[in-house]
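Below are some points for a colleague who has the coordinates open and wishes to check them one at a time. Each point keeps to one region or one kind of interaction.

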Amino acid sequence: MENNREIGASIILLCMVVFWIVSSLRKKIHEERKRRILKEGVQAKAKVLHIQPTGEYLNNLPEFHVQVQIQPENGADFVAEVTEAFPYPKYDSLRNGSHVVVKYDPDYYKRVIFVQMDHVT
């Protein structure tokens with residue numbers, strides 16, 4: 001009976017370690033993509049189409065799912081979705097129809113990061 005508890009505790013511990021490793025790898029990949037987009041990405045204006053809280057928090061900041069219509073200088077407009085954590089005052093300034101500056105990955109348009117989230121004209 002006690003042996004079963006030790007096995008159960010070991011399995012739970014192993015699952016926690018695997019979860020931590022996977023989470024760390026995902027975060028590292030996400031941060032590396034952001035750095036690459038900041039360095040090599042194409043800057044464009046974008047219009048906020050929809051913004052909604054996800055209910056998740058990252059580093060004590062609420063996470064939001066934002067749909068934007070990107071308006072590149074060269075080429076047709078396209079829609080991308082971004083999940084980003086930022087403070088509520090930024091959320092309050094991002095309303096449907098507001099304009100922001102983004103950078104997107106020229107190799108994969110769906111990878112987008114916010115550069116400037118204040119109102120852009």
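**Notes on the predicted model**

1. Val22 is found in helix α1, and at 43% relative accessibility this residue counts as partly exposed. The model is a predicted one, which should be kept in mind when distances are read from it. Between Val22 and Ser93 the C-alpha to C-alpha distance is 34 Å, for a separation of 71 residues in sequence.

2. Helix α1 covers residues 2-40 and also holds Ile21, whose relative accessible area of 40% places Ile21 in the partly exposed class. Ile21 belongs to a nonpolar patch on the surface, together with Leu13, Val17, Trp20, Leu25 and Ile29, and the accessible area of these residues together is about 600 Å².

3. Which residues have the most contacts inside the largest nonpolar core? They are Ile51, Val66 and Ile70, in a core of 19 residues. The elements that contribute two or more residues to this core are the strands β1 (42-58), β2 (61-71), β3 (78-85), β4 (99-105) and β5 (108-116).

4. The surroundings of Ile70 can be listed in some detail. Once its neighbours within four places in sequence are set aside, Ile70 is in contact with Ala44, Lys45 and Ala46, with Asp77, Phe78 and Ala80, and with Val102, Tyr104 and Val112.

5. Ile113 is found in strand β5 and is buried, with a relative accessible area of 6%. With neighbours within four places in sequence left aside, the contacts of Ile113 are Lys34, Ile37, Leu38, Val102 and Lys103. For one of these, Val102, the C-alpha to C-alpha distance to Ile113 is 5.6 Å, while the two are 11 residues apart in sequence.

6. A search of the whole structure finds five salt bridges. One of them joins the side chains of Arg35 and Glu32, with an N to O distance of 3.1 Å. Both residues lie in helix α1, three residues apart, which is about one turn of the helix. Neither end is buried, because Arg35 has a relative accessible area of 48% and Glu32 one of 44%, and both values fall in the partly exposed class.

7. Which parts of the chain does the pair of Asp105 and Arg36 tie together? The side chains of Asp105 and Arg36 meet in a salt bridge at 2.5 Å, N to O. Asp105 lies in strand β4 and Arg36 in helix α1, so the pair ties together parts that are 69 residues apart in sequence. Asp105 is buried, at a relative accessible area of 1%, whereas Arg36, at 31% relative accessibility, counts as partly exposed.

8. Asp105 has a further salt bridge, to the side chain of Arg111, with an N to O distance of 3.8 Å. Arg111 is partly exposed, its relative accessible area being 27%. As the cut-off for a salt bridge is 4 Å, the pair of Asp105 and Arg111 at 3.8 Å is within it. Arg36, Glu40, Asp105 and Arg111 are linked in a network of salt bridges.

9. Is Ser98 buried or exposed? At 8% relative accessibility Ser98 counts as buried, because the class takes in values under 20%. The place of Ser98 is in the loop between α2 (88-93) and β4, and the side chain of Ser98 reaches the backbone oxygen of Arg95 at 2.7 Å.

10. Gly55 lies in strand β1, and at 58% relative accessibility Gly55 counts as exposed, whereas Ser98 counts as buried. Gly55 and Val82 are 15 Å apart in space, C-alpha to C-alpha, and 27 residues apart in sequence.

Technical notes
Residues numbered from 1 in each chain as written. Predicted model: local features only at pLDDT ≥ 70, side-chain atom pairs only at ≥ 80, totals over all residues. Heavy atoms only, no water. Core = buried A, V, L, I, M, F, W, Y, C linked by side-chain atoms within 4.5 Å. Buried < 20%, exposed > 50% of the residue type's maximum accessible area, 1.4 Å probe, protein only. Helix = DSSP H or I, 4+ residues; strand = E, 2+ residues; numbered from the N terminus. Contact = heavy atoms within 4.5 Å. Polar contact = N/O pair within 3.5 Å; in protein donor to acceptor, adjacent residues only side chain to side chain. Patch = residues over 30% accessible without salt bridge, like charges linked within 9 Å, V, L, I, M, F, W, Y side chains within 5 Å. Areas by Shrake-Rupley, 256 points an atom, 1.4 Å probe, with all protein chains shown as cover.
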